Amino acid sequence: MAHFAKVLDGIVTQVIVAEQEFIDNLVETEPGRWIQTSYNTQGGIHYEPNSNGETPSEDQTKALRKNYAGIGYTYDVDKDAFYAPQPYPSWILNETTCMWKAPVAYPTDGQKYTWNEETTSWDLVE
């Protein structure tokens with residue numbers, strides 16, 4: 001089984017699990033097209049199934065369209081990539097991974113932080 005995203009005007013409207021044959025023989029009555037997506041691909045890297053995104057696959061040819069598609073995600077035809085909606089206006093899309101990045105790096109002191117868009121900085125969660 002594979003995952004497919006239905007894309008209309010560049011936006012994912014539905015994600016399903018299906019065989020390629022089902023998609024090939026599907027008689028659609030609504031606009032949009034089905035594009036395969038990989039549940040195990042994140043940031044352009046394919047990870048071993050059931051590894052929680054911790055063990056990259058040896059075979060990176062399995063990496064598909066930068067990220068797993070979700071409803072409301074964008075499909076960029078030129079990049080052949082899915083990416084999430086922009087979480088904050090100040091965040092920038094990494095063109096290589098198609099993942100959003102804060103303009104300030106997340107602190108590495110082991111504590112928990114939340115993004116503060118007003119100050120464009122990380123606030124310590126108390």
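1. Searching the whole structure turns up four salt bridges. Please keep in mind that this is a predicted model.

2. Let me begin with K6 and E28, whose side chains form a salt bridge with the closest N and O atoms 2.8 Å apart. K6 belongs to strand β1 (residues 2–8), while E28 sits in the loop between α1 (20–25) and β3 (33–37), so this pair ties together parts that are 22 residues apart in sequence. E28, at a relative accessible area of 34%, is partly exposed.

3. Next, which residues are linked in a network of salt bridges? They are D76, K79 and E95. In the contact between K79 and D76, the closest N and O atoms are 3.4 Å apart. The side chains of E95 and K79 meet at 3.0 Å, N to O. This second pair links distant parts of the chain, 16 residues apart: E95 is in the loop between β8 and β9, and K79 is in the loop between β6 (74–76) and β7 (81–83).

4. D76 is buried, with a relative accessible area of 16%. K79 counts as partly exposed at 30%. E95 is exposed, because its relative accessible area of 52% is over the 50% cut-off.

5. Leaving aside residues up to four places away in sequence, C98 touches K66, N67, K79, A81, F82, Y83 and L93. One of these contacts is K79, which is also a member of the salt-bridge network. As for N67, its C-alpha atom is separated from that of C98 by 7.5 Å, although the two residues are 31 apart along the chain.

6. Q14 is found in strand β2 (residues 11–18) and counts as partly exposed at 37% relative accessibility. Apart from residues up to four places away in sequence, Q14 touches F4, A5, K6, W34 and I71. Among them is K6, the residue that pairs with E28 in a salt bridge.

7. Two backbone angles are worth checking by eye. N50 is not a glycine, yet its phi is positive, at about 60°. This residue is in the loop between β5 (45–46) and β6 and counts as exposed, with 80% relative accessibility. R65 has a positive phi as well, near 55°, and is likewise a residue other than glycine. R65 also lies in the loop between β5 and β6.

8. Finally, a few words on the chain as a whole. The chain has one helix and eleven strands, and along the sequence they follow the pattern β-β-α-β-β-β-β-β-β-β-β-β. The C-alpha trace spans about 55 × 35 × 25 Å along its principal axes. Of the 126 residues, 30% count as buried. Where contacts join residues at least 6 apart in sequence, 40% of them join residues at least 24 apart. The chain exposes about 8,400 Å², with carbon and sulfur atoms supplying 50% of that area.

Definitions and conventions:
Residues numbered from 1 in each chain as written. Predicted model: local features only at pLDDT ≥ 70, side-chain atom pairs only at ≥ 80, totals over all residues. Heavy atoms only, no water. Contact = heavy atoms within 4.5 Å. Helix = DSSP H or I, 4+ residues; strand = E, 2+ residues; numbered from the N terminus. Buried < 20%, exposed > 50% of the residue type's maximum accessible area, 1.4 Å probe, protein only. Areas by Shrake-Rupley, 256 points an atom, 1.4 Å probe, with all protein chains shown as cover.
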